[in-house]
Amino acid sequence: MAVSVPDLVAQPDLRLTALTSHCDDTERRIRWVSTTELPDPLPFLRGGELVMTTGLLDRAEADWVSLLGRLAELPVAALCVGTGLVHQTVPPVVVETAERVGLALLRSPVEVPFAQISHWVAEQTFAEQYDAVRAASALQDELMRELLSGHGLRGLLRRLYRQLGAGPVAVLEPGGRILARHPASSAWPGAEPAAENPGASVPIEVDGRPVALLCTRRATPRGDLLSFATSILGLEVARHQAVLTGRRELLGQLLEDVLHRTIPDADARRRLAAHDLAVDGTNAVVVARVGGDPARLRSLPWTLGPLLEREGDRLPTALIDDTVTVVVPDGVDAEAAARTVAGHLTLIDPQVRVGVGSPRRGVTGLRLGYFEARQAAQTGPGVHRAAPLSLAGLLMGNLDLPLRELGTGVLAPLLRHDEAQHADLVTTLRTYLAHDCASAATAAALTLHRNSLRYRLQLIEQLTGRDLDRLTDRLELWLALTALDADPAGN
């Protein structure tokens with residue numbers, strides 16, 4: 001069972017204050033914790049979360065009313081506002097609106113970090129599940145103690161090896177790579193036919209999706225013990241994944257502040273140092289973009305090996321929207337790190353796109369490196385080294401500017417015409433600009449007569465309302481094409 005809001009308020013070490021009558025409802029169960037300073041956190045919530053914020057954004061009263069109404073409608077379990085950093089007290093409009101819409105509202109003093117609250121909820125939530133599993137049998141209890149002791153995964157495999165009598169035991173990635181095995185020196189079968197490889201294989205699942213396999217070399221009648229082992233492994237991985245995701249999101253929010261210059265560089269250096277990120281040295285930035293639902297980056301354990309060994313990220317790693325950003329310090333091979341990231345993220349998206357920026361020094365270098373890597377990641381699937389950052393590339397990577405939308409708007413008449421008439425006006429325009437607006441070279445490249453090219457160019461001017469003899473109009477059309485090429489699907 002999940003922790004209730006009254007349970008949370010009753011914990012004296014957390015020093016939480018209930019601000020609405022809805023905090024007394026024992027049916028309000030906390031499924032998980034989400035710390036956010038996003039303008040709109042709703043896309044990243046699934047319901048039942050304890051949402052924690054310092055109110056860093058300067059919201060108008062109407063914005064607070066709208067946000068609290070949507071949180072209550074989802075519904076979340078409760079909203080916790082940290083005071084003493086941005087707000088000395090919770091704004092009255094927040095308290096009044098939360099009471100009116102039926103939202104449990106808590107206040108947390110600055111002396112109690114959000115991480116302490118998150119850890120308490122995680123410990124309580126998973127402790128209940130672990131207690132239910134331990135009661136199953138003494139043997140299961142032994143497995144649990146092995147996993148949660150200093151022996152960890154390897155201790156659990158050793159215990160399974162002794163109890164099952166089914167030969168070597170291993171944990172494999174979906175692709176077949178061995179993450180851990182016992183005995184460590186044992187041989188493991190390759191791609192053998194099922195009749196020649198009769199061992200047991202049970203999936204380890206996180207968030208309902210198989211992320212690894214627990215396998216034995218030979219068949220065993222103790223399928224229940226294997227299933228139990230995969231259950232606790234899944235819980236252990238999910239618990240560490242949740243903590244790791246929280247760290248990655250916190251660093252992601254900080255990096256967004258750095259990228260958008262919402263904090264001074266001196267503050268950025270100090271706050272980044274708290275995440276073991278020294279910007280006074282030289283760093284390269286790796287940006288990986290995945291398709292589909294970005295929530296999978298937060299729920300699925302794509303760094304499974306370190307998680308199973310109870311390790312955190314080996315390099316500073318942040319989550320920003322649909323991207324994974326890794327900061328690689330001087331002395332570490334950035335391209336090797338990028339290939340490792342790409343290999344991990346194939347679990348999320350086989351077509352993951354990864355860009356590697358040039359090593360740069362300082363906070364400014366971190367910003368430039370990020371946009372370099374982001375631009376390189378737009379090249380396509382796989383790992384791509386960034387070319388020198390162009391002004392156009394920097395503009396395309398600026399998350400605050402709607403250049404892609406504006407570019408599509410500029411080219412919309414040509415796109416509609418090409419689709420309706422099966423024509424090539426966009427290709428003609430791109431080729432014309434690429435050949436420095438030289439008609440002879442463009443006609444040769446397109447295998448067109450000059451009169452045909454002249455007709456197409458006049459039609460382009462007519463449809464777009466731009467004059468190709470004017471430098472400013474040429475530049476606008478070139479930027480529009482660059483935006484379209486950078487993200488043709490609008491991702």
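This is a predicted model: local features need pLDDT of at least 70, side-chain atom pairs count only at pLDDT 80 or more; totals for chains, interfaces and linings use all residues.
Thr447 sits in the loop between helix H16 (439-446) and helix H17 (450-464). Its phi is near 55°, a positive value in a residue other than glycine. The chain has 491 residues, of which 48% are buried, and it contains 18 helices and 17 strands.

- Most residues other than glycine have a negative phi, and most peptide bonds are trans.
- Thr447 has a relative accessibility of 72%, so this residue counts as exposed.
- Arg15 is not a glycine either, yet it has a positive phi of about 55°.
- The position of Arg15 is in the loop between helix H1 (5-10) and strand S2 (17-18).
- With 47% relative accessibility, Arg15 is partly exposed.
- The peptide bond that runs from Leu74 to Pro75 is cis, and its omega is near -5°.
- Pro75 belongs to the loop between H2 and strand S6 (78-83).
- His182 and Pro183 are also joined by a cis peptide bond, with omega about -5°.
- Pro183 is placed in the loop between S9 and S10.

**The loop between S9 and S10**

- Ala184 is found in the loop between strand S9 (178-182) and strand S10 (201-206).
- The relative accessible area of Ala184 is 60%, so Ala184 is exposed.
- Ala184 and Pro168 are 16 residues apart along the chain, and their C-alpha atoms are separated by 8.8 Å.

**The chain as a whole**

- Contacts between residues at least 6 apart in sequence can be sorted by how far apart the two partners are; 67% of them join residues at least 24 apart.
- The accessible surface of the chain is about 23,000 Å².
- Carbon and sulfur atoms account for 52% of that surface.

**Salt bridges**

- Side chains of opposite charge can pair when their charged atoms come close.
- Arg298 and Glu249 form a salt bridge through their side chains, at 2.9 Å from N to O.
- This pair links distant parts of the chain, with Arg298 in helix H9 (residues 295-299) and Glu249 in helix H7 (residues 223-259), 49 residues apart.
- Arg298 has a relative accessible area of 14%, under the 20% limit, so Arg298 is buried.
- Asp322 and Arg289 also meet in a salt bridge, at 3.7 Å from N to O.
- Asp322 lies in the loop between strand S13 (317-320) and strand S14 (323-329), and Arg289 lies in strand S12 (residues 282-289); the pair links distant parts of the chain, 33 residues apart.
- Both residues of this pair are buried: Asp322 has 18% relative accessibility, and Arg289 has a relative accessible area of 2%.

**Cavities**

- The structure contains 3 cavities of 30 Å³ or more.
- Among the residues that line the largest cavity are Thr36, Glu37, Leu38, Pro41, Val51 and Thr53.
- The lining of the largest cavity also includes Arg59, Trp64, Leu67, Leu71 and Leu79.
- By type, the lining of the largest cavity is made of 7 nonpolar, 2 polar and 2 charged residues.
- S5 and H2 each contribute at least two residues to the lining of the largest cavity.
- H2 gives the largest share of that lining, 3 residues.

How values were computed:
Residues are numbered from 1 along each chain as its sequence is written. Side-chain values use heavy atoms; hydrogens and water are left out. Helices (H or I, at least four residues) and strands (E, at least two) are DSSP runs, numbered from the N terminus. Buried means under 20% relative accessible area, exposed over 50%, partly exposed in between (1.4 Å probe, protein chains only). Contact means heavy atoms within 4.5 Å. Accessible areas come from the Shrake-Rupley method with a 1.4 Å probe; for residues, only the protein chains shown count as cover. A salt bridge is a side-chain nitrogen of Lys or Arg within 4 Å of a carboxyl oxygen of Asp or Glu. On a 1 Å grid over the protein atoms alone, a cavity is a set of points where a 1.4 Å probe fits but cannot get out, and a pocket is an open set with protein on both sides within 12 Å along at least five of seven lines; lining residues have an atom within 4 Å of a point. Grid points are joined across faces, edges and corners, and a volume is the space filled by probe spheres set on the points. Ala, Val, Leu, Ile, Met, Phe, Trp, Tyr, Cys and Pro count as nonpolar, Asp, Glu, Lys and Arg as charged, and the others, Gly among them, as polar.
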